[in-house]
Amino acid sequence: MRSTPPPAPLSHPGWQLIPGQLLGLALVILVALGLGSMLITAGGLDLSTVFNSRYLRGVVWFTVWQAMLSVLLSLALALPVARTLARYRRFPGRSALLRVMELSLVLPTIVAVSGIIGVYGRQGWGTGLLNEWFPGHGWNLYGLNGILLAHIFFNAPLAARVMLQSLETIPPSRLRIASQLGLRGWWLWRSVEWPALRPVLPGLSALVFTLCFTSFAIIMTLGGGPAATTLEVAIYQALRFEFDFPQAAVLAVIQLLICGGLWWLVFRQRLESSLLPNRQLSHSVPLKPWPAQHLLSAALLLVFSLFLLLPLLAIGIRGLPALLALNTAHSIYEQLLPATGRSLLIALPAGFGSVAASLMILASINKTKNPIMKAIPTTTGYLPLIVPPIVLGTGLFLLLRPGLGNHTQGWVLVALINSLMALPFVIQILRGPLNGLDSHSLRVADQLGILGWYRWRRIYWPLLRRPMALGLAYGIALSMGDFGVIALFGSPGQPTLPVLLYQQLGSYQVSAAAGTGLWLLMLLVFIFGLLSAIGRPPAHLQKKRLPEAALEPKHV
Amino acid sequence: MFDVKHLCFRYPGQTDGWEYHFSLAPGHCVAIHGASGSGKTTLLNLIAGFLQPDSGTIHWEGKAIEQLEPWNRPVTTVFQEHNLFEHLDVATNIGLGLHPGLKLTPEQTKEIQQGLERTGLAAFGTRMPGDLSGGQRQRVALVRAILRRQPLLLLDEPLTGLDTEAKASLRSMLLEEKSRGVALILASHDEDDRKLLADHYWNL
């Protein structure tokens, strides 16, 4: 009998269980403190102030209305796009289109808004065409139009990717039967597609609703006035300009009640489906087309691609001259480089923090069978969806207001909240690979004594290095693009990139704003590219894949 | 000598359970067969430590092992499938059986290569499990189990679904282990496996 090697480092179960529990508790306490301080400041909760004020009633109604419309329109566009992409798995540009769709999760809102203004604003290309073809059309980007357009720009691709992922989980055998029976149209939808999409729709709708409900930068830039103010913006105004803390607290509580209530309803449905797009794409099964389907599908994808690409193109075309103008008296880089440094200073710790926290939370969830000990880290992972960052920020702002003496403290807080904001997304990215080992493999690992550090190093690390790099990229990107929390805690004199961009847009420095937008976009692309390269497994471990044609029988 | 005494187990919510009572000498093989759900895999899981018995004892050389964690028990299991970590190459999969942190001595590295050569897989050390046939994967799993040099091998349908050639190769490896004094507990539906390898039969 071979002698038993010494126990693996960090193999005590506590190493997996306790950090996640402590972190979960700390974050729950942090949120509770934030909310508590808000309620104390409000001097009790008098929600009647909202119902007695016509302005505040209007704010609540508009927030809900625009979010509902955004959900409906985003899903209405996403559904045919997802169905088309699920059906056509091999066409030139499909992969590029999917990558652009993924951008919606990380593209800083303020950057996208500058691109949208470049296409649909008063001087935009799209508006120019509209003016030529339909003079006197009355199109105005600012107000509900612009808000909905921007929300669809962000959320339709996200929804389409999630729906596509669900459609791709349909077992090939079921698709083959549908193909053999020649199912199409309503029957294909009812018997094959709807059962696959139904489980994901409540969570997806809630996610899009929450993102639109708590939208900040879009409302600030495209809202166009008090008529189009949302709760998030009203909280910011109450805090930053009117110093009306009780009103901010009451509004934050209303926001919390609506978001919390919504997610409570969703969790009651036992949400299991992933809400983040998966990069794995399965093989295709040919289905019977209806007349002119190829033509209509091509047209739909073309319009959708243009809808996504034109604002990005506008950012590039308008921003490039500003970035290349190195010889002017006031170079754009004088502001850009310090802002980049500040953004990275906040985003890097936020990104690393969100990945580390996600790992601790997932390890703790996996290790315990106790329902309460499972609930603490699980709740923490979803907390930012229930308690929007601006609400948390408001509470902490009120709690720490007397002590927040310098920028550094404010930035630490911003990094912390940004890190928390990214948690639900990073957890979704890491959960699959971490839970991907089947029970037999785990038993083999147990029997071989691959525990603690050894299990992490030998079993999980090869599986997780790529998702961790992706999670880190998402964490950094979300923080780099943050405009909500930084607007609350940051200083206008020391802006981060999104704040600088907002200031430039607000002072009509169109060219400089375009340059800043492009710079931020390039920075994010660079970060994603770099982390994607770092996360790639060594060449000899990359699995060789058979060409798709070899996996599928030919359709005759 | 392995002694299993009045080892009882019942799954939660189940009215009937199992009780196992037997001894097994080194170099002997017992084949257990029975319908699906008859308790073959449950017995192997109890001995391996993947399940905790309600009562009873398991002794090896007079020492009680039923309270030990799976990694401290003198047994190695070979399942019907999923024995290998799909994202690790063949040599790493075997190496983890020798040291869970893959801190291998030059002798151990040589042992791995020799094990692969003995089973006709000399050129497969850097291949991923996904690139191997079912028979080759089981041979890799068995090489790892053999190199762990534990006195008891638990075999949960290890030859099911393999072609004749692969089965013959694995059977000869198992016979060789038996002749070295390793005790085998084989759960199998295959009459030929039982006839060739087993000294005792149990019908559960």
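**Helix contacts, sheet and interfaces**

Guide: In H5(A), the residues A:Val111, A:Ala112, A:Ser114, A:Gly115, A:Ile116, A:Gly118 and A:Val119 meet A:Leu310, A:Pro311, A:Leu312, A:Ala314, A:Ile315 and A:Arg318 in H14(A), where two residues are in contact if their C-beta atoms, placed from the backbone, lie within 7 Å. The model is a predicted one, in which local features need pLDDT of at least 70 and side-chain atom pairs count only at pLDDT 80 or more, while totals for chains, interfaces and linings use all residues. Residues are numbered from 1 along each chain as its sequence is written, and chains are lettered from A and ligands numbered from 1 in the order in which they are written.

Visitor: What makes H5(A) and H14(A) roughly perpendicular to each other?

Guide: Helix H5 (residues 109-120) and helix H14 (residues 293-324) of chain A pack at an angle of about 90°, with their axes 7 Å apart. Angles of 65 to 115 degrees count as roughly perpendicular, those under 35 as roughly parallel, those over 145 as roughly antiparallel and the rest as oblique, and H5(A) and H14(A) are therefore roughly perpendicular. The axes are lines fitted to C-alpha atoms, for helices over the stretch in contact, with angles running from 0 to 180 degrees between N-to-C directions; helices (H or I, at least four residues) and strands (E, at least two) are DSSP runs, numbered from the N terminus.

Visitor: Which classes of residue make up the contact of H5(A) with H14(A)?

Guide: The residues of that contact divide into 9 nonpolar, 3 polar and 1 charged, with Ala, Val, Leu, Ile, Met, Phe, Trp, Tyr, Cys and Pro counted as nonpolar, Asp, Glu, Lys and Arg as charged, and the others, Gly among them, as polar.

Visitor: Why is H7(A) called roughly antiparallel to H10(A)?

Guide: Helix H7 (residues 144-167) and helix H10 (residues 201-213) of chain A pack at about 160°, their axes 11 Å apart, and that angle makes H7(A) roughly antiparallel to H10(A). A:His151, A:Asn155, A:Ala159 and A:Val162 in H7(A) meet A:Leu204, A:Val208, A:Leu211 and A:Cys212 in H10(A), a contact with 6 nonpolar, 2 polar and no charged residues.

Visitor: How do you know that strand S3 of chain B and S9(B) pair?

Guide: Two strands pair if DSSP finds at least two bridges between them, and strand S3 (residues 29-33) of chain B and S9(B) have 4 bridges, in the parallel sense. B:Ala31, for instance, has B:Tyr201 in S9(B) as its bridge partner.

Visitor: What makes strands S6 and S9 of chain B the edge strands?

Guide: In chain B, 5 strands form an open sheet in the order S6-S7-S8-S3-S9, with parallel pairing, and strand S6 (75-78) and strand S9 (200-203) each pair on one side only. Neighbouring strands of this sheet are turned by 15° against each other on average, direction ignored. Helix H4 (residues 134-148) of chain B lies across S6 and strand S7 (152-156), running at about 175° to S6(B).

Visitor: Which domains does the assignment give for chain B?

Guide: The assignment, automatic or from a database, gives domain 1 (1-74 + 150-204) and domain 2 (84-149) of chain B. Their centres, taken over C-alpha atoms, are 23 Å apart, and the contact takes 11 residues from domain 1 and 10 residues from domain 2.

Visitor: How many residues of chain A are in contact with chain B, and which helix supplies the largest share?

Guide: In this contact, 23 residues of chain A face 27 residues of chain B, and H19(A) gives the largest share of the chain A side, 6 residues.
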